Amino acid sequence: MPGNSLAESWPVAPVGRTAAPLREQVIATLRQAILDFHLVPGQRLVERELIENLGVSRTTIREALRELASEGLVTVVPQRGAIVSAPSLEDAADLYEVRASLESLMVQRFVERASDDQVTQLEGTVAEFAAVVNSGAEVREVLAAKTKFYVVLTAGASCNAVQQLLEAIQARVQALRATSLAEPGRAHDVIAELEGIVGAVRARDAARASTLMADHVRTAAHTALAHLKNA
């Protein structure tokens, strides 16, 4: 379990310099730190350190932690306080299965609603992802490149309800997504899987694109869950 202080693992400037409400700034800052792995699963979130680092009150910190707990990103443990959540094997399996269903629906809607230009953009994100993988980039950069695929996918699908659900689930399994992509050879397999998906999208074959997307997520789940089981 991580032992570094917040100041060592997460150099951050105090919040409060934008027009957004302070509470929302703190929530957004902590959420992004978790998604960027500055705060890692199992790491304690010590109120005193958060107050010092972010320059806000204890009340604001506690409100932010409650919100992040409701999102599943933080867990409050009796006698220990808040820690960055790490899903159990069972929870992770369920989250991946829901993610497979949502992403299948998302790509189906993309086929039905996206313009030809958006299809071209989606193909471009796969080419960019392949370039990042082949450059030997670290897993954080690989994950960021794959996120661009989802940005274009969700924009073209025009399905806000599914997008909100999917973003929440992806956030909860972010560390496992990184673990899966870091597995030797997995990122190169993902290139082929995404190329298959966009090929079906280009052909406007919603059923095949949906099936390939579900297969892609379940393959990622198999890798991530095997790692979690052996951890």
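Trainee: Which residues of the largest nonpolar core touch the most other members?

Mentor: In soluble globular proteins, nonpolar side chains tend to be buried together. A nonpolar core is a set of buried Ala, Val, Leu, Ile, Met, Phe, Trp, Tyr and Cys residues joined through side-chain atoms within 4.5 Å, where buried means under 20% relative accessible area, exposed over 50%, and partly exposed in between (1.4 Å probe, protein chains only). In this predicted model, the largest such core has 49 residues, and those with the most contacts to other members are Phe110, Leu122, Phe129, Phe149, Leu153 and Val201. Helix α5 supplies its largest share, nine residues. Helices here are DSSP runs (H or I, at least four residues; strands are E, at least two), numbered from the N terminus.

Trainee: What does Leu153 touch?

Mentor: Contact means heavy atoms within 4.5 Å. Leaving aside residues up to four places away in sequence, Leu153 touches Met106, Val107, Phe110, Leu122 and Met213. A second, separate core has 20 residues, among them Leu35 and Leu54.

Trainee: Is Arg99 buried or exposed?

Mentor: Arg99, in helix α5, is buried because its relative accessible area is 2%. A polar contact (a pair of N or O atoms within 3.5 Å; within protein, one able to donate a hydrogen and the other to accept it, residues adjacent in sequence counting only if both atoms are side-chain atoms) of 2.6 Å joins its side chain to that of Glu103.

Trainee: Which residues line the largest cavity?

Mentor: On a 1 Å grid over the protein atoms alone, a cavity is a set of points where a 1.4 Å probe fits but cannot get out; lining residues have an atom within 4 Å of a point. Grid points are joined across faces, edges and corners, and a volume is the space filled by probe spheres set on the points. The largest cavity holds about 90 Å³, and its lining includes Tyr96, Arg99, Lys146, Arg177 and His216. Helix α9 gives the largest share of that lining, three residues.

Note on methods:
Residues numbered from 1 in each chain as written. Predicted model: local features only at pLDDT ≥ 70, side-chain atom pairs only at ≥ 80, totals over all residues. Heavy atoms only, no water. 1 Å grid on protein atoms, 1.4 Å probe; cavity = no way out; pocket = protein on both sides within 12 Å on 5 of 7 lines; lining within 4 Å.
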